[in-house]
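Biologist: Please take a close look at the aromatic rings in this protein. Which rings pair, and where do charges sit over them?

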Amino acid sequence: MLFRTAVEEDLDRLLGCVVDESISWAHPERLLSFLENGNYRFDRIWLAVADDGEILARAVWWGFPDGDKPLALDCVYVHPSVSDRADRVGLAAELLRHAHEAYGLAPEYHVFVGNGWRDDPKAAAAIAWRWEAAGRVGLTHELERLRYEWADGPVPEPSDRLVFRGEEDDEAFVEAFRRVAAGTLDFHTRQALATMDPVAQAREDVHDYKSMPGDRSWWRLAYDKSGDLVGVALPSANNGGPVVGYLGVVPEHRGHGYVDDLLAEITRFLAERGVRRIAADTDAGNVPMARAFERAGYRNFAVRLVLSPDPVNA
Ligand SMILES: CC(C)(COP(=O)(O)OP(=O)(O)OC[C@H]1O[C@@H](n2cnc3c(N)ncnc32)[C@H](O)[C@@H]1OP(=O)(O)O)[C@@H](O)C(=O)NCCC(=O)NCCS
């Protein structure tokens, strides 16, 4: 058995790997389009190859096209001939271990799965063996993010209490992001703030949102009638289409339902440009945000399971 990164000559065999287990995976269409746009790279696809050349396992990582490191593990596949569960887990873990050693880091594993996946035997089994393999290489922390979509619903009216303004200076957004991050219920931001200076953390977020396909000129700062900054609203887009990129209310203005005004502005902004579907994610534990999506007519259609290094041991 050889553990190695893929090369272009592997493409046909990469396209032949099929995951049929009721979870998200790097299917041929996704593989081809992401290899083309740079979110996937051959050297960020790791393979376990049998002596006869057959791909027995394949792991695919995602990153920004201009990024210097892979950001998320997107797909773990093991050939159906490896039917014993312990062997599948062992092989997948060994493959991930080789990749992590080469990367010098352990990117998170993201899997999309339907609501109620724990009660769906097929999806639960698909998650269980992968979770065990990921756990063996240190991805032991589990986070569930709720996936929402707005699909061609009524277009909200503009807010009558907030004024939204674009701002060319990135530093204004860095400052707004820094303020909004205080007391957040979002796991990733809290985790980042445990080890990073708040300004550096905000700057990194601004940089990451700028790397998304959504247009930077869409970003808005929100002010109340007295000119006080209330929050930020970022309509954006990812490879899948338009998204609620980010929104937040500064701590001094929380608890007045401004989240509804910010979300309405993002929805309105995109809908007025002809968008018919907007996707969004939030942590299951970010209850004020999840409730706001539901009030605004967004439907929770799936779950994004994120496995990452335990924050205590990371
Ligand atoms: C999520 C967020 C936008 C909610 O804003 P908001 O306008 O205060 O929301 P609401 O007014 O609907 O708040 C509803 C309740 O949740 C409480 N609440 C809101 N944010 C809270 C927080 N971060 N921590 C604890 N409680 C919070 C409010 O005080 C209010 O409580 P009440 O009903 O007892 O008065 C805001 O917390 C925030 O900016 N968080 C940081 C950024 C973030 O998480 N963005 C979403 C990323 S997907």
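Modeller: Here is a walk through the ring pairs, then the charges over rings. This is a predicted model: local features need pLDDT of at least 70, side-chain atom pairs count only at pLDDT 80 or more, and totals for chains, interfaces and linings use all residues. Residues are numbered from 1 along each chain as its sequence is written, and side-chain values use heavy atoms, with hydrogens and water left out.

The structure holds 11 aromatic pairs. Rings of Phe, Tyr and Trp (its six-membered ring) pair if their centres lie within 6.5 Å; planes under 30 degrees apart count as stacked, over 60 as edge-to-face and the rest as tilted. Take Phe-34 and Tyr-40: the centres are 5.0 Å apart and the planes at 80 degrees, so this pair is edge-to-face. Both residues are buried (under 20% relative accessible area, with a 1.4 Å probe and protein chains only).

Trp-61 and Tyr-103 are also edge-to-face, because their centres lie 5.1 Å apart with planes at 80 degrees. This pair links distant parts of the chain: Trp-61 belongs to strand 3 (residues 55-62) and Tyr-103 to helix 3 (residues 85-103), 42 residues apart. Helices (H or I, at least four residues) and strands (E, at least two) are DSSP runs, numbered from the N terminus. Trp-61 and Tyr-103 are both buried.

A cluster comes next. Ring pairs join Phe-173, Phe-177, Tyr-209, Trp-219 and Tyr-246.

Now the charges. Arg-165 lies over the face of Tyr-223, 4.3 Å from the ring centre. Arg-273 lies over the face of Phe-269, at 3.6 Å. The criterion is NZ of Lys or CZ of Arg within 6 Å of the ring centre and within 35 degrees of the ring normal.

Note on methods. Buried means under 20% relative accessible area, exposed over 50%, partly exposed in between (1.4 Å probe, protein chains only).
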